[in-house]
Amino acid sequence: MGAHEKSQGNANSMQRVKVYRLNEDGKWDDQGTGHVAVDYLERSEEMALFVFDEEDNETLLLHRISPDDIYRKQEDTIISWRDSEYSTELALSFQENTGCSYIWDNICNVQRSMHFSSLNNETFHTMNSELRELPAVELSTLPIILKTVTESGLADQMRLTELILNDQDFFQKLMELFRICEDLENIDGLHMIFKIIKGIILLNSPQIFEKIFGDELIMDIIGSLEYDPDVSQVQHYRNFLKEHIVFKEAIVIKNPMVLSKIHQTYRVGYLKDVVLSRVLDEATVASLNSIIHSNNATVISLLKDDSTFIQELFASLRSPTTSSESKKNLVYFLHEFCSLSKSLQMVQQLRLFRDLMNEGIFDIITDALQSQDKKLVLTGHPHNVLESGPKPSAPLCCSPGRNSTFRTFG
């Protein structure tokens, strides 16, 4: 399958942009409007930026992503670079800043992979590395595991990532050991496990993130990060997530994948913004943002394709038996649903808004504008519902201390 076909099939990776090229007079020429994606070149392992014309799907731009520091992100909606193939400056102007951030994160991830691949090819096999296997996960081996994780060079970090991923039970065993240390109040062990988990997160491996951010492990992972030796008091992140953030659905979401993504996104955002905000490097933050963006797109895609869900939402909004408080929460839900749909391809956004109009969204907006609740009036304004609105990092949920319709979390 060619890159063009794959990109068309992956709508969530497509973002609407204008392509500009700097001419000899120092002015930017508009090269056309299309949708951009990061994908493999056909019959190649190289990654590239593709922009396909939104009218005829012809290729407006094909740019092989370079490992060099040539890319610049400007004003939240522009990515520019000096392109040696075209011998000029090129720029992509994005319709949405979320789309710009998503493609920027993808470029950064591709560059990071290229650097690691280069290091692997040129350095790894020539080093006298003794990292053959991981020690068994036991209390007595924690110092060795810690030394392996925190003192490995870049080449050994690649080998370390591979060894961790090949050990199917590594994280389960480590979290079992964490619970034992916590029960025994073994502070030294808890401090070592904190440093091990922090070091593993900073390896910035998407495959490792997929494991540790799953429903089975993530709360224990967050628990292990409560024992930072550089902080005088033990933190209480799990208590906050379990007791103070309560999941409050404005309308029942039955799809287990949607619920799992909602919970995961909030917890990843909480880990990024609260738990490890002091220690994460820029590359790891970019990877976590990519997870959040991807989850947002998945949630909205799954909900928009569930006709029963949309019908039930509007039936509840129109029902005379729905309480005023519930209707208010449903309007907030609809507002956030529309805001998060910015992660969809423009064609999908238009189809979604068409479906919402067919269901009677403007009647809902009219009712909201007549409310005595000023916050609800602001939320129900058509500009806020269908055009702009906030772009929260976690879908259908609230941030700590904020009252939300989708969810205050759990």
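**Ground rules.** I number residues from 1 along each chain as its sequence is written. The model is predicted, so I keep local features at pLDDT of at least 70 and side-chain atom pairs only at pLDDT 80 or more, while totals for chains, interfaces and linings use all residues, and side-chain values rest on heavy atoms, with hydrogens and water left out.

**Overview.** I looked up the secondary structure and found 17 helices and seven strands in the chain. Helices here are DSSP runs of H or I with at least four residues, strands are runs of E with at least two, and both are numbered from the N terminus.

I traced an open sheet of seven strands, in the order 4-3-2-1-7-6-5, with antiparallel pairing. Two strands pair if DSSP finds at least two bridges between them. Strand 4 (59–64) and strand 5 (71–74) each have a single partner strand and stand at the edges, so one side of each has no neighbour in the sheet. From one strand to the next, the twist averages 30 degrees.

I counted eight bridges between strand 1 (residues 15–22) and strand 2 (residues 28–40), which pair in the antiparallel sense. Lys18 faces Thr33 of strand 2. Five residues lie between these strands in their hairpin, and Gly26 in the turn has a positive phi of about 80 degrees. Strand 2 then pairs with strand 3 (residues 47–53) over seven bridges, again antiparallel, and here Tyr40 stands opposite Met47. That hairpin has six residues between its strands, with Arg43 in the turn at a positive phi of about 55 degrees.

Strand 5 pairs with strand 6 (residues 78–83) over four antiparallel bridges, and Arg72 has Ser80 as its bridge partner. Their hairpin leaves three residues between the strands, and Glu75 in the turn shows a positive phi of about 55 degrees. Next I followed strand 6 to strand 7 (residues 88–94): six bridges join them, and they run antiparallel. Ile78 sits opposite Ser93 in strand 7. Four residues separate the strands in this hairpin, where Ser87 takes a positive phi near 55 degrees.

**A helix pair.** I looked at helix 3 (residues 142–151) and helix 6 (residues 187–201), which pack at an angle of about 30 degrees with their axes 9 Å apart. Axes are lines fitted to C-alpha atoms, for helices over the stretch in contact, and angles run from 0 to 180 degrees between N-to-C directions. The two helices are therefore roughly parallel to each other (under 35 degrees; over 145 is roughly antiparallel, 65 to 115 roughly perpendicular, the rest oblique). Residues making the contact include Leu142, Ile145 and Val149 of helix 3 and Met192, Ile196 and Ile200 of helix 6. By class, I noted nine nonpolar, three polar and one charged residues (nonpolar: Ala, Val, Leu, Ile, Met, Phe, Trp, Tyr, Cys and Pro; charged: Asp, Glu, Lys and Arg; polar: the others, Gly among them).

Notes: Contact means heavy atoms within 4.5 Å.
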